[in-house]
Amino acid sequence: MALLRHPWILLLLPVLTCVQGALRASKQDLKVHLNEQSSFSLSLTEPLPKNAIVTIDVQHPDLLSASPSNFSIIADKTEEQIIHVKGLSAGHSVVSANVTPSNITDFSEAFVRVTIEKSDVLYHFSAVVGWIYFLAWSVSFYPQIYINYKRKSVVGLNFDYLSLNLVGFVMYALFNCGLFWISEIENQYFERYPKGLNPVQINDIFFSLHAVFATSITIGQCFIYEIGNQRVSTTARIIHGIFAIFILISLILSGVKTIQWLDFLYYCSYVKLCITLIKYVPQAFYNYRRKSTVGWSIGNIFLDFTGGILSMLQMILNAYNYDDWESIFGDPTKFGLGFFSVAFDVFFIIQHYILYRNRVDYTVLPGHCQEEPESTSCNA
């Protein structure tokens, strides 16, 4: 009687009863060397009620070939089908499967992201370079912490730079932790980029949380060591206020579901991007005004310089190995930020060793002044 009252159910029954399990690939990511072959398999989780045809689609056929290009699925069987792929040119491609008729199985997971590389040696060398610059950037916080401890003073370390650095790394940590650990946000990412990879790796989590910790330690030193006449400037307070309002509005919009939480995390990353562009300016100007780099660790700069150079080197190696120069010139943000940071590091090195090389650390002398050598406020 229920079927008679709702005849539209009869129209849905063939669809509901025909969908059987899913067609899945044995792996989602595959690496192939240029002019060499590799393979993956496609299999059903459950048998199909009738025969079907599977067609293999290659996103960039000039980069990759696949065989067979199609095959048949026999009803009531779940045999695996091996798909062979050959790298024709370096780059990235996606191999996906389409089933006809399309309503008898789910084939949304029947795809493989394929990377075609020129050299396995370059791949491993790039990985080593990546770990070295990761370590260099991670260790770069500690020379400044040590010099503050040794001098028992933070005079020479600009507070605007510190405050911007902390906010930037907090935003970066929020983005990484949210996208890596919160399944709801990760699902939103894959809904938006169904064949993409989660861009956040475990080393990104470690670096961002460690950066927040190390920067917080440095800020904590400002409360126990001599600070001279330093404070966070009005300009920096205004910048922090603008960022706070932007993040608060984004948070409210996410809470009322006007935007997705993934968008909120992207907005946090945009704040980090802006801070990276401006955070070195206060310290560079502060050194210029004091005509000194005393209190500003040159060890921090050398490590940051090393990390920036190696980061750009890795991007160039990967672009060559995968013939993917668009990753640099098509989307220059990451490369540009690395270059911008390295440029400031070079400027700091010039300040330290050329412009202000005749420097005296007055904070370690008896009766020292609290900040600049020309200051008249000295300790007895």
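The legends below describe close-up views of one predicted protein model.

Residues are numbered from 1 along each chain as its sequence is written. Because this is a predicted model, local features need pLDDT of at least 70 and side-chain atom pairs count only at pLDDT 80 or more, while totals for chains, interfaces and linings use all residues; side-chain values use heavy atoms, with hydrogens and water left out.

View 1. Helices (H or I, at least four residues) and strands (E, at least two) are DSSP runs, numbered from the N terminus. Of the 380 residues, 43% are buried; buried means under 20% relative accessible area, exposed over 50%, and partly exposed in between (1.4 Å probe, protein chains only). The accessible surface comes to about 20100 Å², and carbon and sulfur atoms hold 64% of this area. Accessible areas come from the Shrake-Rupley method with a 1.4 Å probe; for residues, only the protein chains shown count as cover. Among contacts with a separation of 6 or more, 75% link residues 24 or more positions apart. Contact means heavy atoms within 4.5 Å.

View 2. pLDDT is the predictor's confidence in each residue, from 0 to 100. Its mean over the protein is 85, and 86% of the residues reach 70 or more. Where pLDDT is low, the predicted coordinates should not be read in detail.

**View 3. The largest nonpolar core has 26 residues.** A nonpolar core is a set of buried Ala, Val, Leu, Ile, Met, Phe, Trp, Tyr and Cys residues joined through side-chain atoms within 4.5 Å. Leu23, Phe40, Leu42, Val54, Ile56, Val95 and Val114 have the most contacts inside this core. At least two core residues come from each of β1 (23-25), β2 (29-33), β3 (37-44), β4 (52-58), β6 (70-73), β7 (81-87), β8 (91-100) and β9 (111-117). The most come from β4, which gives four. Apart from this core lies another, of 18 residues, including Cys177, Leu179, Ile205 and Leu262. In soluble globular proteins, nonpolar side chains tend to be buried together.

**View 4. Five strands form an open sheet in the order β2-β9-β8-β4-β6.** Two strands pair if DSSP finds at least two bridges between them. The pairing in this sheet is mixed. β2 and β6 stand at the edges with a single partner strand each, so one side of each is left without a neighbour in the sheet. From one strand to the next, the twist averages 25°; axes are lines fitted to C-alpha atoms, for helices over the stretch in contact, and angles run from 0 to 180 degrees between N-to-C directions. Six bridges join β8 and β9 in the antiparallel sense. Ser93 has Val114 in β9 as its bridge partner. Not counting residues up to four places away in sequence, Val114 touches Leu30, Val32, Leu64, Gly91, His92, Ser93 and Val95.

**View 5. Four strands form an open antiparallel sheet in the order β1-β3-β7-β5.** The edges are β1 and β5 (64-67), each with a single partner strand, so one side of each is left without a neighbour in the sheet. Here the twist averages 25° from one strand to the next. β1 and β3 run antiparallel and are joined by three bridges, with Leu44 in β3 as the bridge partner of Leu23. β3 and β7 share six antiparallel bridges, and Leu42 has Gln81 in β7 as its bridge partner. Four bridges link β5 and β7 in the antiparallel sense; Ser65 stands opposite Lys86 in β7.

**View 6. Asn148 lies in helix α4 (residues 142-151), and Ile227 in the loop between α7 (202-224) and α8.** Asn148 counts as buried, at 0% relative accessibility. Beyond four places in sequence, Asn148 touches Ser153, Val154, Leu157, Thr218, Gln221, Tyr225 and Gly295. Ile227 is partly exposed, with a relative accessible area of 29%. Not counting residues up to four places away in sequence, Ile227 touches Val154, Val155, Phe159 and Cys222. Ile227 and Ser153 are 74 residues apart in sequence, and their C-alpha atoms are 6.3 Å apart in space.
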